[in-house]
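Here is a short report on one protein model. Keep the structure in view as you read.

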Amino acid sequence: MKKNINLLEGPILPSLSGLALPIMATSLIQMAYNLTDMIWIGRVGSSAVAAVGAAGMYMWLANGLATLAKMGGQVKVAQALGAKEDKQAVSYAKSALQLGIALGLIYGVLAVVLANPLIDFFKLNSGQVVADARIYLQITCGGVIFSFLNQIFTGIMTAMGNSRTSFVATAAGLVINIIMDPVLIFGVGPFAKMGVMGAGIATVFAQMIVTGVFIMAALKDEIIFQKVRLLEKVDKKSMMTIVKIGFPTGVQSMIFTSISMIIARMIAGFGDSAVAVQKVGSQIESISWMTAEGFGAAVNAFMAQNHGAKNKKRIVQGYKVAMRIEIVWGIFCTFVLMVFPAVIFKIFIPEADVLPMGVDYLKILGVSQLFMCIELTTAGAFSGLGKTIPPSISSIILTAARIPMAIALTSTALGLNGIWWSITISSIFKGVILVAWFLVYLKKMLAEKE
């Protein structure tokens with residue numbers, strides 16, 4: 001069975017869908033991976049969820065560094081393949097992996113050494129929550145290099161038109177996580193009850209398995225990976241090109257997470273239960289943003305290859321097809337979150353006093369799902385063309401606006417719900433502005449002469 005999909009020729013919908021569906025399925029598996037953690041940890045109690053939520057912010061922050069290497073590598077590998085420059089594609093793949101390994105090791109060491117002040121930032125209320133958060137941070141971020149490698153492998157293979165390997169690798173990780181979570185959290189057979197620590201160990205072990213699957217697949221690939229020599233001298237030109245492309249997106253991701261951490265600190269002022277609600281609610285909401293982000297990755301590869309091949313007409317047609325699909329998906333996600341919030345939230349935290357806050361979160365965030373989906377798809381399209389700055393500017397400015405909005409709205413009768421509304425309002429504006437920006441860019445691009 002052919003793994004690599006031809007993105008340069010033939011009907012757009014089948015080729016784009018063929019690449020996107022495994023990526024979206026991978027995103028859903030990743031969501032299930034995270035939700036499995038939440039389901040089991042939620043059975044320990046909302047305090048355990050709060051601990052994982054606080055420490056998990058630093059894993060989210062780490063994604064910005066991983067994104068820097070992943071985005072630069074994915075875009076440049078796809079563009080090189082589209083231009084039939086296979087040797088250059090190999091150089092970009094090697095540089096992306098070298099960069100990811102270096103950043104992963106550095107971040108992991110810093111997270112272990114600085115765990116205490118990092119968790120103290122959130123000013124959590126319970127001593128047990130603080131202790132659990134610290135150990136979870138040290139375990140998951142200490143092994144973050146596997147997460148980095150998994151994301152970079154995914155990006156490079158997507159650039160090649162191969163999204164099935166990522167699906168298989170992530171599915172293997174999910175199975176391991178589903179098995180290991182209850183065993184290590186609650187203690188089964190010879191394994192001691194570890195609580196939050198067990199959840200962290202299960203997460204890292206599952207990520208190691210995913211990395212192993214990627215490596216086995218890479219050893220069989222004759223186009224790029226068999227030609228990659230990680231121990232060779234760094235190609236400075238390729239490395240700097242990757243950094244140039246990936247830097248805006250990486251900074252955007254880290255600033256986004258930093259702002260979210262400030263918001264999380266504000267949420268902690270409403271109690272540890274509010275922190276737990278935000279953690280679980282965001283994981284539930286990921287049903288839309290992770291799949292939209294996954295679809296955006298497929299759009300990224302499609303745009304990049306056709307940009308390399310200088311096929312402007314196909315770029316425009318591809319974007320139209322992608323937007324139609326994402327509009328339908330966004331409307332569906334809005335419907336689910338707004339109509340079934342209580343049913344969904346109770347699966348994760350059954351505590352009666354926490355449920356009303358969870359319902360409010362899902363209903364309010366449900367309003368913005370369509371706009372978030374079209375924003376992520378458009379960001380993927382922009383990045384595929386090598387233009388990572390526009391989505392970064394839009395995201396940074398409007399995400400930062402959440403802080404003053406949250407401060408203003410929480411001082412009203414909305415209280416905690418004011419924070420949720422600040423997130424929704426900014427997401428709506430991000431979707432509208434970025435789509436309009438991209439349409440203007442497309443018009444200019446079509447008017448340019450080769």
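## Pro 356 in helix 13

Pro 356 is partly exposed, because its relative accessible area is 46%. This residue sits in helix 13, which covers residues 355-366. The model is a predicted one. Along the chain, Pro 356 and Leu 385 are 29 residues apart.

## Two salt bridges

Side chains of opposite charge can pair when their charged atoms come close. How many salt bridges does the structure hold? There are two.

One joins the side chains of Lys 94 and Glu 232, at 3.8 Å from N to O. Lys 94 belongs to helix 3 (residues 86-113), while Glu 232 is in the loop between helix 8 (196-220) and helix 9 (236-268), so the pair ties together parts that are 138 residues apart in sequence. Are the two partners buried or exposed? Lys 94 is buried, with 8% relative accessibility. Glu 232 is partly exposed, at 44%.

Another salt bridge links Asp 120 with Arg 134, and their closest N and O atoms are 2.7 Å apart. Asp 120 is part of helix 4 (residues 115-120) and Arg 134 is part of helix 5 (residues 127-142), so this pair ties together parts that are 14 residues apart in sequence. Asp 120 is partly exposed, with 38% relative accessibility. Arg 134 is also partly exposed, with a relative accessible area of 24%.

## A buried serine in a loop

Now look at the loop between helix 6 (144-159) and helix 7 (164-186), where Ser 163 lies. Ser 163 has a relative accessible area of 1%, so it counts as buried.

What does its side chain reach? It reaches the backbone oxygen of Leu 19, at 2.8 Å. Leaving out residues up to four places away in sequence, Ser 163 touches Gly 18, Leu 19, Pro 22, Ile 23 and Thr 26.

## Helix 14 against helix 17

Next, find helix 14 (residues 369-384) and helix 17 (residues 417-447). They pack at an angle of about 35 degrees, and their axes lie 8 Å apart. The crossing is left-handed.

Which residues meet here? Helix 14 contributes Phe 371, Ile 374 and Glu 375, among others. Helix 17 brings residues including Lys 430, Gly 431, Trp 437 and Tyr 441. By class, the contact has 12 nonpolar, three polar and two charged residues.

Notes: Residues numbered from 1 in each chain as written. Predicted model: local features only at pLDDT ≥ 70, side-chain atom pairs only at ≥ 80, totals over all residues. Heavy atoms only, no water. Axes fitted to C-alpha atoms, helices over the stretch in contact; angles between N-to-C directions. Helix = DSSP H or I, 4+ residues; strand = E, 2+ residues; numbered from the N terminus. Left-handed = near helix turned anticlockwise from the far one by under 90°. Contact = heavy atoms within 4.5 Å. Nonpolar A, V, L, I, M, F, W, Y, C, P; charged D, E, K, R; others polar. Buried < 20%, exposed > 50% of the residue type's maximum accessible area, 1.4 Å probe, protein only. Polar contact = N/O pair within 3.5 Å; in protein donor to acceptor, adjacent residues only side chain to side chain. Salt bridge = Lys/Arg side-chain N within 4 Å of Asp/Glu carboxyl O.
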